[in-house]
Amino acid sequence: MITRRDALVLALALNVAALGWPGFAARGEAAEPIRIGELNSYTTFPAFTVPYRNGWQMALDEINAAGGVLGRQIEVVSKDDGGKPADAVTVANELVSRDGAVLLFGTLLSNVGLAVADFAAQRKVPFIAAEPLTDSIVWEKGNAYTFRLRPGTYVQAAMLAEEAARLPAKRWATVAPNYEYGKSAVEAFKTLLSRARPDVEWVGEQWPALNKIDAGATVQALAALQPDAIFNVTFGTDLAKFVREGENRGLFENRVVASMLSGEPDWIDPLGAEAPEGWIVTGYPWYAIETPEHTAFRQAYMQRFQDYPRLGSVVGYTTMKAAAQAIEKAGSTDAEAIVQALRGMSMMSPLGQIEFRSVDQQSTMGTFVGTLTVQEEKPRMVDWRFGDGAAYLPDAAETAKLRASE
Amino acid sequence: MSFVVVQALTGLADAASLFLVAVGLSLVFGVSRIVNFAHGSFYMLGAYAAYSASAAVGGGLLGFVAGAATATAALAGLGLVVEVGLLRRLYAAPELLQLVATFAVVLLVQDLALAVWGPEDLLLPRVPALSEPIIVLGHRLPLYDFVLIALGPLVLAGLWLLLSRTRWGILIRAATEDREMVAALGIDQRWLFTSVFCLGAALAGLGGAIHLPREPANLMMDLGIIAEAFVVVVVGGMGSMAGAYLAAVLIAELRAFGIVLFPEITLVLLFAVMAVILVVRPYGLLGRPDVAGPQPSSFDPHPASAARQGLRLAIVAGLVGLVAVPLFAGGFTLQVMSEIFIFALFAASLQFILGIGGMISFGHAAYFGLGAYGAALAVHHLNASMPLALIAAPLVGGLGALVYGWFCVRLSGVYMAMLTLAFAQITWSVAFQWYDFTGGDNGILGVWPAPWAASPSAFYYLSLAVVTIAIWLLRRISAAPFGFALRAGRDAGDRAEALGVDVRRQRWLAFSVAGAAAATGGGLYAFLKGSVFPDVLAIPMSVDGLVMVLLGGIDRALGPLVGAATFTGLKITISSATDLWRSLLGGIIIAVVLIFPRGILGTVGGQRRGGAK
């Protein structure tokens, strides 16, 4: 039964819904500062996104203290994307339609990044994907408005494969979370290692569900394959569980492990003194990088936040700087001009000079590969070297083929 | 062979935590009929509490034991607070409303845990005494696994003694069988319910604590375990403790061997097995039919009547008002309103089976999502135009509901709810893993509206029109003889059968109609967002739908609309304003259910009739 009061309450609710947004008339660009929209999974993945936010806030303050860009200050409107692609599209829409953002940056999860990238192409807004690892955001599903900063899955896997090829190990097993990132990491690693070492034999694969690894069972299943070496892609709680059960059951004795991202403080520091020693990892040895640009960044960061930088901090910082530099270079806040400016733009980052390649709009930011060890109860990378992204990304001709669908 | 033995032992150890969480859930459900979504949050808090207590004592074996004891006690206390402060006030409300309240607790606990323990995972330092290796047939197993293997049966035996050898246990069993009778005998039910809830929470806390040596305390533990715990409870049979243990072992073993035999389909395996078990044994392995869950007759005691003349005018006036909104509202507001309309249809379709059909679905997102995927796949693979894709949506969703529904309507109460959940999860895993067809977790991009519908106001009108027509049709169906026969089957199945109503067929058709209606909304949703991801099929989407229906008022025709507008509007507004949106939303929901225990409209209408119950 519908009563009149029901109808009244509904009308009220819809009115509240309609009036709840102060953005009835978009505030627009009349305001003095240049508005930039930022979104990330602050509530879903705080461990990774809070250091990232610190990073971009530090960069923002530096930019504004130096007078902003085009003589105007920059204002960043930052929102939580809830870790869901559909919600992220709503947020992106709000940032563009209501807050008048001239550029978007942020996102962590690959599918959230892809959804926002597609939105950016539809609405013709420049978007710098900060952290998503999936390479399809710049290759198969790349679009003219989307740029990505962080080195993707392929580059990380390529660096590990290069190291792995130098090992005597012949029998390799893999363990990776069962979703796009895990699948593409394993595929890239297998292809590249087999190319460098045709004698390598792939003895088996484990695909635990993301965040749901049955660590003991997985470890035993891997041990039963009797591999010489293991390629690991698990991270987060899965990694902690895998490492602990692996140590308990002796899986890592006399075996080499090559592991994606496990040298990043964001993922390895929760393991503390129990970080697995001897693993070959990609990561970020913030404590040992002594280039002038990195030392300056680290000092400023530690002074301001009383905490050490994570990789997320570097990514947030650099993305913010890239956005500002692109607007400065474009000379206006026009979307097409910013996109043109970003293509092929080179800039300084805490990890050295990087360039947004014009062929796929991927930055050439590199990463570090080294051996994991424990010093003073803390996970540390030793014997590391820096690999420039430009050296590992596919060349322009090959990339153009990957982007052919555009 | 030795590998099989070792793998089986590992599975047994894995079963311990799962059993502790599930058995608490099952006990609470058996006595108070509360479907407690917050049970996973208790588990998570148990792990965190154990971590802190263990660190305070200085770690080691002593620290771990102290941590486990503290976690158990602390969670019993928290259970007391939640039961007395919140749930106790809601027992008179429609039974599923408590589900909304516990959902709000989940939201609150997520922010609370983040605020207290911070974002980083907390790994309990290795306890050497527990990781002492034991050699079994040449394989190394940690001692702790054997502790866990022993713990499950010990807890089971303890609970069995408690329930069969103490007066309290006898009362609990009596209350599980027949609550009213216990009350009539002069037993104070309230403290009985409270004590069971505390016991359940304490078991969940202990479950979290004993898991700590194997997994760092982290912010995703709550939602990680809750679905599995429900699966265990239902597979074992609601209210059966031995069943819960059996099911926990079955599921843990299934996973231990599943990863060896089918490493890539572990996602779906769990739910596929549950679906098979429920189809073959509708009340779980050791369950009995009489504990089937919320009684459908508590919903919608009043048959629908055609709207009166004056009201029709009011509705028409309301629609005219909505038509006028684009004249003064901005683009973003219009898109949010479109989203609200779409969710209103989703909620209305759920209410159609829930309120009128008396069928509980925890997996209604399956049909919404099938609609979204149907539309997106039509665009992506067949280059379909937007109207064609929108027509494909209800066809795909309706077909899905027809197939799944055939199995689901054979069950009732929570068993049916869990079977719908199983099908939704199976659909989700297919969408998640079938990369070539659905794009997997990277989804389908580029599903944007055709130029004629691209502007926010055009899309607003399109959704308003489609949703209005669909909801009107649902209303027509429920006011037609079909709808009355459906209510008859809900309220008195046997009598309806005797009168010649094919109740099961009626329910099946209603389920399919609701599926098609939800899918219509899903199709629009795909175009609103421009992309489709497996999330549209996932559990949170189903829960959102339930929350909308119950928030609005399960037995009110306009309830889903009010619920969708309130929930979606609040969520978008608050999450845009603050990072603490989860606790704010949770707090508001708790306030709403305490003030309006029959839903926002339910209370208003109920008072007019001098109280419905």
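In which sense, parallel or antiparallel, do strand S3 (residues 104-106) and strand S4 (residues 127-129) of chain A pair? In this predicted model, the two strands run in the parallel sense and are joined over 3 bridges. One of the residues involved is Leu104(A), whose bridge partner in S4(A) is Phe127(A).

This pair belongs to an open sheet of 5 strands in chain A, ordered S2-S1-S3-S4-S5 with parallel pairing. At its edges lie strand S2 (74-80) and strand S5 (146-148) of chain A, each of which pairs on one side only. On average, neighbouring strands of the sheet are turned by 25° against each other, direction ignored. Helices of chain A pack on this sheet, among them helix H4 (residues 110-123), which touches S3, S4 and S5 of chain A. The direction of H4(A) makes about 165° with that of S4(A). Helix H11 (residues 311-330) of chain A also packs on the sheet, where it touches strand S1 (34-40), S2, S3 and S4 of chain A. For H11(A), the angle to the direction of S4(A) is about 155°.

The domain assignment of chain B gives domain 1 (2-280) and domain 2 (330-575 + 582-607). Their centres, taken over C-alpha atoms, are separated by 31 Å. Across the boundary, 31 residues of domain 1 of chain B are in contact with 31 residues of domain 2 of chain B. On the domain 1 side, the elements that give two or more residues are helix H4 (97-117), helix H10 (221-236) and H12 of chain B. The largest share of that side, 11 residues, comes from H4(B). By class, this side of domain 1 of chain B has 28 nonpolar, 1 polar and 2 charged residues.

The contact between the chains takes 83 residues from chain B and 78 residues from chain A. Elements that give two or more residues to the chain B side include helix H1 (2-32), S2 and helix H12 (266-280) of chain B. H24(B) gives the most to this side, with 9 residues. The residues of chain B that face chain A here divide into 39 nonpolar, 27 polar and 17 charged.

Conventions. Residues are numbered from 1 along each chain as its sequence is written. Chains are lettered from A and ligands numbered from 1 in the order in which they are written. This is a predicted model: local features need pLDDT of at least 70, side-chain atom pairs count only at pLDDT 80 or more; totals for chains, interfaces and linings use all residues. Two residues are in contact if their C-beta atoms, placed from the backbone, lie within 7 Å. Helices (H or I, at least four residues) and strands (E, at least two) are DSSP runs, numbered from the N terminus. Ala, Val, Leu, Ile, Met, Phe, Trp, Tyr, Cys and Pro count as nonpolar, Asp, Glu, Lys and Arg as charged, and the others, Gly among them, as polar. Domain bounds come from an automatic or database domain assignment. Two strands pair if DSSP finds at least two bridges between them. Axes are lines fitted to C-alpha atoms, for helices over the stretch in contact, and angles run from 0 to 180 degrees between N-to-C directions.
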